[in-house]
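Welcome to this guided tour. Open your viewer, switch to a cartoon drawing, and follow the stops below.

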Amino acid sequence: MLVLKDLSIEIPGTNMHYIGLDEYSQPSKETVLLYGYNNLYSNKLFDEIKDFKRKIYFNVTMPTEFYSDHSIYLDDKFDEIYTICPYSVEWLNNIKDTDKYKFIWYPLDEKYTPPPQDKIFDVCYHGGIHGSKYIDMLKVMSDFNYRYMTMTHGINGLTQQCLQFATDTDLTHEDKLLRVAQCKISICFNSLPLTDGHIDHMQLQPDWETNEAFRLAESSHSCPQIKSRMNEAAACKTLNLVEEDLWNVAETFYRPYEHFVYFERGKLTEAITEVLDHWDIYEGLAESAHRHFLCNYTTSRMYNYIWKNQDKKKK
């Protein structure tokens with residue numbers, strides 16, 4: 001399977017630059033996989049492969065792309081679309097009367113898995129700040145021996161305001177994972193706050209009420225969005241401390257209290273303290289998640305998984 005990427009509109013330093021699917025590419029004139037958001041808007045690469053029998057697109061932006069003026073028909077040029085939102089897969093297959101949308105994970109190239117590190121920090125978060133719950137998290141973390149990692153470019157205004165909390169900025173991908181590996185806990189949110197404008201765009205989508213990702217958006221002003229940092233923490237043998245939300249999409253990939261632990265909003269301090277006080281127990285969960293990640297969510301496994309699905313279609 002041939003793999004081509006167009007990351008021209010991806011923010012430099014973000015995770016899509018490091019999934020490395022193209023490194024597994026094999027010559028083919030029949031099956032091709034494209035990744036990178038620009039492939040929806042540009043036909044630069046598509047024109048090169050338009051005569052291939054199986055044209056595949058890997059999408060990591062669902063469901064958030066539907067909270068804009070994004071058309072659900074931009075990907076109709078592809079024969080298969082693999083995406084990380086299970087609810088959008090079902091919704092799009094139903095409204096388009098197709099089965100070409102497929103659910104898959106957000107991969108991490110296993111070559112970036114760091115060697116074992118001494119756990120010298122209590123807790124970390126890496127990524128953007130997207131609302132009040134993130135600010136509350138930073139305030140709680142600052143009472144512990146924490147690390148907050150962020151970029152200083154391509155970030156929103158709220159993240160810029162919170163740079164004062166940052167302990168590490170503009171790390172390389174490798175150094176970021178090393179820092180995560182030095183922490184016992186990584187905090188993860190798998191839901192994203194929405195504005196009224198986001199919801200207005202969502203409600204312009206066809207049959208929007210039938211998408212489980214949209215159904216509670218108006219009342220909660222949030223939507224599910226699985227984060228790649230869950231796999232990153234698991235790769236680093238760092239315990240995922242995950243906010244319990246209305247969807248709990250984390251359970252699609254990992255089992256609670258076997259691979260990760262939930263916390264309730266407003267009770268983050270208690271959750272961190274519980275893990276630190278009983279690290280001898282929770283360390284086992286982090287180790288279990290690490291094994292689960294290596295067996296299931298690597299880039300090499302994704303390549304082979306998609307390729308084998310294509311083999312099945314040929315039979």
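**Stop 1: a pair of strands**

Select residues 31-35, strand S2, and residues 54-59, strand S3: five bridges pair them in the parallel sense. Strands (E, at least two residues) and helices (H or I, at least four residues) are DSSP runs, numbered from the N terminus. Two strands pair if DSSP finds at least two bridges between them. Now click on Val 32 and look across: Lys 55 in S3 stands opposite.

Before moving on, a word about what is on your screen. This is a predicted model, in which local features need pLDDT of at least 70 and side-chain atom pairs count only at pLDDT 80 or more, while totals for chains, interfaces and linings use all residues. Residues are numbered from 1 along each chain as its sequence is written, and side-chain values use heavy atoms, leaving out hydrogens and water.

**Stop 2: the sheet around that pair**

S2 and S3 belong to an open sheet of five strands, in the order S1-S2-S3-S4-S5, with parallel pairing. At its edges stand strand S1 (2-5) and strand S5 (101-103); each has a single partner strand, so one side of each lacks a neighbour in the sheet. On average, neighbouring strands of this sheet are turned by 25° against each other, direction ignored.

Next, select residues 86-95. This is helix H3, which lies across strand S4 (80-83) and S5 and runs at about 160° to S5. Such angles run from 0 to 180 degrees between N-to-C directions, with axes fitted to C-alpha atoms, for helices over the stretch in contact. Contact here means heavy atoms within 4.5 Å.

Which residues of H3 are buried? Show the side chains of Tyr 87, Ser 88, Val 89, Trp 91, Leu 92 and Asn 93. Buried means under 20% relative accessible area, exposed means over 50%, and partly exposed lies in between (1.4 Å probe, protein chains only). The buried residues of H3 pack against S4, S5, helix H8 (212-215) and strand S11 (222-224). After H3 comes Asp 97, with a positive phi near 50°.

**Stop 3: a loop on the way**

Select Pro 116, in the loop between S5 and S6. Is Pro 116 buried or exposed? Pro 116 is exposed, with a relative accessible area of 70%. Try the distance tool from Pro 116 to Lys 184: 68 residues separate them in sequence, and 12 Å in space, C-alpha to C-alpha.

**Stop 4**

Start with strand S6 (residues 121-126) and strand S7 (residues 146-150), which run parallel and are joined by four bridges. Cys 124 stands opposite Arg 147 in S7.

Then move to S12. Four bridges pair S9 with S12 in the parallel sense, and Cys 188 stands opposite Val 242 in S12. S12 is also joined to S13 by four bridges, again running parallel; there, Asn 240 stands opposite Phe 260 in S13.

Five of the five residues of S12 are buried, so the strand is largely enclosed by the rest of the structure. In a regular strand the side chains alternate between the two faces of the sheet. Show the S12 side chains: Leu 239, Leu 241 and Glu 243 point one way, while Asn 240 and Val 242 point the other way.

**Stop 5**

Now select helix H4 (residues 132-141), where Lys 133, Tyr 134, Met 137, Leu 138, Val 140 and Met 141 are buried. Look down the axis of H4: these buried residues fall within an arc of 165°, so they line one face of the helix. The arc is that of the directions from the helix axis to the C-beta atoms. Among the elements that the buried residues of H4 pack against are S6, S7 and helix H11 (268-277).

**Last stop: zoom out**

Show the whole protein chain, with its 13 helices and 13 strands. Buried residues make up 55% of its 315 residues. The C-alpha trace spans about 60 × 45 × 35 Å along its principal axes.
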